[in-house]
Amino acid sequence: MLLFHDANQTAAVLIHLFPPLVMFSLYWCDDRVHEAWPHVFRLNYFNHISLGSIYWNAALFYTAWWVLYAIWLFTCGLHVAKRPPEARELQVPAGSTASLTDQSPRRRPPLDTIFHKNMRDAIGGKISGLLGYSEEDHSQMRETNDFTRKHALVYLLLHALGVYLSIFVSFLCYMSNALNKLALALITGVAVYNAATRYVHYMLERPLREFRAAVRALQEGRPHEMGEVSIATAA
């Protein structure tokens, strides 16, 4: 999500967008690259790269990352985000700028990972169902961020399958300038759209939901906490 006020979210977009943008520039704009740096780049080999070479090298690079990530996830990554039940109320939402310096290390919320974030979303429920866990079991895992190695294995295998299949998209980008531009536009568009939905949620949907809940509470004559403000009715 392209949230300019959030360094982590912005960096996540840029590290995924810049590599294909650089490759687009080197391949489709090689004349401009040579004009700008005449003695730096030798790009003539681009015209002699086979589709099999593209797939093999991309898959090899990803597999090297996959193995290292799998080792980390199975050895210690599964536990870095685990929350004991008594610490649930200390969870800090993603993107929050709240300071944790006033909390002791024992009470500080644990770290979060993209694996745990995805497992708390819909894909995690589907993986739990595939492994035979009930909705109650998965709900408990979501609350504590305590997922099993079987979850991690299925997640990694699905991730690998998705990446190995998506490499075929690079063939279209290699053969067509227009399709390459379309792919870059889709990446940017999805990032902007996801950011827009996040802004809509925080600036419109959540305040409106809180406001409606406060109005209902006043109509029913009961107190209601709206953000940090407690609204209580007169006795």
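Predicted model: local features only at pLDDT ≥ 70, side-chain atom pairs only at ≥ 80, totals over all residues.
Local features need pLDDT of at least 70, side-chain atom pairs count only at pLDDT 80 or more, and totals for chains, interfaces and linings use all residues. Residues are numbered from 1 along each chain as its sequence is written, and side-chain values use heavy atoms, with hydrogens and water left out.

The protein chain holds eight helices and two strands, in the order α-α-α-α-α-α-α-α-β-β. Helices (H or I, at least four residues) and strands (E, at least two) are DSSP runs numbered from the N terminus. Of the 235 residues, 26% are buried, meaning under 20% relative accessible area, with exposed over 50% and partly exposed in between (1.4 Å probe, protein chains only).

Helix H1 (residues 7–28) packs with helix H8 (residues 177–220) at about 170 degrees, the axes being 11 Å apart. Axes are lines fitted to C-alpha atoms, for helices over the stretch in contact, and angles run from 0 to 180 degrees between N-to-C directions. H1 is therefore roughly antiparallel to H8 (over 145 degrees). Among the residues that meet are Leu17, Leu21 and Phe24 of H1 and Leu184, Ile187 and Arg198 of H8; contact means heavy atoms within 4.5 Å.

Trp28 lies in H1 and, because its relative accessibility is 25%, counts as partly exposed. Leaving out residues up to four places away in sequence, Trp28 touches Cys173, Tyr174, Met175, Ser176, Asn177 and Asn180. Trp28 and Phe46 are 18 residues apart in sequence and 9.8 Å apart in space, C-alpha to C-alpha.

Technical notes:
Parallel < 35°, antiparallel > 145°, perpendicular 65-115°, else oblique.
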